[in-house]
Amino acid sequence: MILGTVSQTYVVYTLLSLISISLAKDIPAFYIFGDSGVDVGNNFYINTFARPVFPNGIDFGNKFGTPSGRYSNGRVYVDHIAQELGLKNFPPPYLAPTTVGDILLKGTRKSFEDVDNDKKPACNLKGGRISLETQVRYFERTTQAIISNIGIKAAKKLLAGAIYIVAIGGNDVSTPDLNGPLDLASQDLRLDTIISMFRSQLGKLYMLGARKIVVINSSPAGCLPFVRDVYAMPDGCVSFQNQIAQLYNSKLKGMLEELTKNLTGSQYVYADNYAMIEDVIQNYISYGAGLIDTSAVYIEALT
C-alpha cells in the first residue's frame with residue numbers, strides 16, 4: 001500500500017535528520033508536537049467532529065472495530081521512528097487520562113493543530129483544536145510532573161537528551177482561503193507572522209529544557225488532493241499553493257538556523273518533508289502506487 005511505503009520513506013528521511021543530533025541509541029524520551037498527521041487520539045478528548053473513527057486503525061492491530069486514534073489505516077511515521085529509536089511503546093496521547101506518572105518519562109504526543117491561532121473557516125467546521133501554544137503549555141505541565149517524579153537534576157538530563165519532533169504548520173500553508181489575497185506579497189506578510197509565532201513557541205521549548213528538536217517543513221501543499229479539488233485542478237498541482245509552501249519553508253529553515261546559532265546547546269534540525277513528498281509524487285510507480293491523485297479519505301459535508 002502506498003501509505004505504508006510512504007510512511008517507511010518518511011522514516012528514512014526523518015531519521016537522517018535525527019542522526020545529525022543523536023546516535024539513535026539510548027534516547028530517554030520522545031516528545032511529539034504537531035497536527036493530525038502525528039495525532040494518536042487527543043482528538044477523542046476535545047470537542048471536535050474530526051475524530052479518527054473506525055475504519056481508521058483497521059490495520060493497526062487492535063480488536064476489529066477499535067480505532068487507534070490515528071488518521072491512518074495503520075501506524076503513522078512517528079510510530080516507526082519511535083521503534084527505530086528503540087522505544088518499547090509508542091508515545092501516548094497527552095490528553096488520555098492514563099498518561100500520567102512514569103509514562104510521561106518516555107514521551108507523549110500533544111498534537112492536533114496548526115501554528116496560527118487565527119480562526120479559519122475550515123478549522124471551525126472541525127470544532128475544537130489544540131494550538132501549538134496550547135501544546136507547549138501542556139509540555140510545561142509535563143516537565144513539572146517529571147521534576148516532581150524524579151527531581152530537577154534528573155529531569156534536566158532527561159529533557160536535554162530527549163528527541164522532540166515538531167510536525168506542524170502545514171495546515172497554515174495548505175488550508176485554501178479563496179476569499180483571501182492571491183498574491184505572494186500578501187502571503188509573505190502572513191507567513192512572517194506565522195514564523196514569528198513559531199519562533200516564540202520553539203524558544204519556549206528550549207526554555208523548558210528541550211535541546212534536540214526536529215522540525216518538519218510543509219509538504220507541496222498545492223499537490224494535496226483536497227487543495228486540488230478546491231481550486232478545480234484535476235490534472236495537476238496548484239502552483240500558487242506550492243509557491244506559498246516553498247516560501248514558508250525558506251523562512252522556516254532560516255529561523256531554525258538562527259535559533260541553533262543563538263540558543264546555547266540547541267540543535268534545531270530542518271526535516272525536508274517537501275522534498276520527500278515531491279519525490280513520491282514524481283516517482284510514484286517506483287513506490288508501488290498506481291493512483292496518487294485521489295483523496296484517501298472522504299468526509300461527508302456538514303450541513
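This is a predicted model: local features need pLDDT of at least 70, side-chain atom pairs count only at pLDDT 80 or more; totals for chains, interfaces and linings use all residues.
Start with the overall count. A search of the whole structure turns up five aromatic pairs. One of them joins phenylalanine 33 and phenylalanine 139. Their ring centres are 5.6 Å apart.

Phenylalanine 33 sits in strand 1, which covers residues 30-34. Phenylalanine 139 belongs to helix 4, residues 132-150.

Next, look at tyrosine 94 and tyrosine 138. Their ring centres lie 4.7 Å apart. Their planes are at 25 degrees, so this pair is stacked. The cut-off for stacking is under 30 degrees. Tyrosine 94 is found in the loop between helix 2 (77-84) and helix 3 (121-126). Tyrosine 138 is in helix 4. This pair therefore ties together parts that are 44 residues apart in sequence.

Are these tyrosines buried or exposed? Tyrosine 94 has a relative accessible area of 14%, so it is buried. Tyrosine 138 is also at 14% and counts as buried. The limit for buried is under 20%.

Return to the phenylalanines. Phe33 and Phe139 form one aromatic cluster with Tyr31 and Tyr164.

Finally, turn to a charge over a ring. Arginine 211 lies over the face of tyrosine 206. The distance to the ring centre is 3.9 Å.

Key. Residues are numbered from 1 along each chain as its sequence is written. Side-chain values use heavy atoms; hydrogens and water are left out. Rings of Phe, Tyr and Trp (its six-membered ring) pair if their centres lie within 6.5 Å; planes under 30 degrees apart count as stacked, over 60 as edge-to-face and the rest as tilted. Helices (H or I, at least four residues) and strands (E, at least two) are DSSP runs, numbered from the N terminus. Buried means under 20% relative accessible area, exposed over 50%, partly exposed in between (1.4 Å probe, protein chains only). A charge sits over a ring if NZ of Lys or CZ of Arg is within 6 Å of the ring centre and within 35 degrees of the ring normal.
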